[in-house]
Amino acid sequence: MYCVIQEIQKKKQFGICTVDYYDLATEWFCLYDWGNSKIETAAKEPNCSEEEIYTLIEKKLEPIQEQIIEEFKQTEEYKTHEKHEKITTLHAARKVEFNAAVYLVQGIERQKLKEIGVLLEETHPLGRLFDVDVLKENLESVGRTEIGATRRKCLLCNGDAKVCGRSRAHTVQELQEKVASIIRNWEESL
Ligand SMILES: [Zn+2]
C-alpha cells in the first residue's frame, strides 16, 4: 500500500512524496525527510508558505496514519516487534548514563562561546561525543550556522546528524559500538 500526498493550491497539484504502509505504520515516516525538497519547490508559489503546506499535509495525513497504526497494532508482527523493542531499549537505557553540566559564563560574547564549543566538539578526541550548547535569554541555543560553522556530522556515516537522527538511519547498537570505539581509541592514546 502506498499513499501519494498532493496539495492543491489554486488548482495546482504537487506530488510531495510516496510513503509505504510500513513507514506509516511504524511511525518511521517523517514529512521533513521524505518531502522537504518538494515542499520547498511548492512553497515558491505565491501566497503559499512552507509552514502552511506542512500544516495542510499533516492535517490530511494524521487521520490516515492513525488508522494504519491502529490496524498494524492488531497484527502478530507488531506484538513481536514491540517485545523485541522493549528489550533493546531497556538494555540501552541500562548501558548508557547521561551526564550533563550547566555553566553560567560571563564576560564573553555568546557567539565567541559557541565558537569555542564547536572547536571542542571538532578537535578534542572525544569531542564528537560532546554536545556543547550555548543558550540565549529565551533558552534557545545558538545554532552552528549562526557562527558560520557546518552542521554536526553523523558519527557513523558523516552525513547530516540531524537527518540520520530523524530518519533513524542507524541502530542503537551501531551507535553504541561507535561510541565505545571512540572512547577505547582515546584511552589507548593516553
Ligand atoms: Zn548517519
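**A guided reading of the model**

Guide: Let us begin with helix α3, where a kink of about 35° lies at Leu 61, shortly before the proline Pro 63. This is a predicted model, in which local features need pLDDT of at least 70 and side-chain atom pairs count only at pLDDT 80 or more, while totals for chains, interfaces and linings use all residues. Residues are numbered from 1 along each chain as its sequence is written.

Visitor: What is meant by a kink of about 35° at Leu 61?

Guide: The bend at a residue is the angle between axes fitted to the seven residues ending there and the seven starting there. At Leu 61 in α3 that angle is about 35°.

Visitor: What makes α3 a helix, and how does its reach compare with the expected one?

Guide: Helices are DSSP runs of H or I with at least four residues, strands are runs of E with at least two, and both are numbered from the N terminus. Helix α3 covers residues 50-73, which is 24 residues. The expected span is 1.5 Å times one less than the number of residues.

Visitor: Which elements does the chain have, and in what order do they run?

Guide: The chain has 7 helices and 2 strands, running β-β-α-α-α-α-α-α-α from the N terminus on.

Visitor: Why is Leu 104 called exposed?

Guide: A residue is exposed if 12 or fewer other C-beta atoms, placed from the backbone, lie within 10 Å of its own, buried if 20 or more do, and partly exposed in between. Leu 104 has 4 such atoms within 10 Å and is therefore exposed. Leu 104 lies in the loop between α4 (76-95) and α5.

Visitor: Why does Glu 27 count as exposed?

Guide: Glu 27 has 12 C-beta neighbours inside 10 Å, so it counts as exposed. Its place is in the loop between α1 (21-25) and α2 (31-42). The phi of Glu 27 is near 60°, a positive value in a residue other than glycine. Most residues other than glycine have a negative phi.
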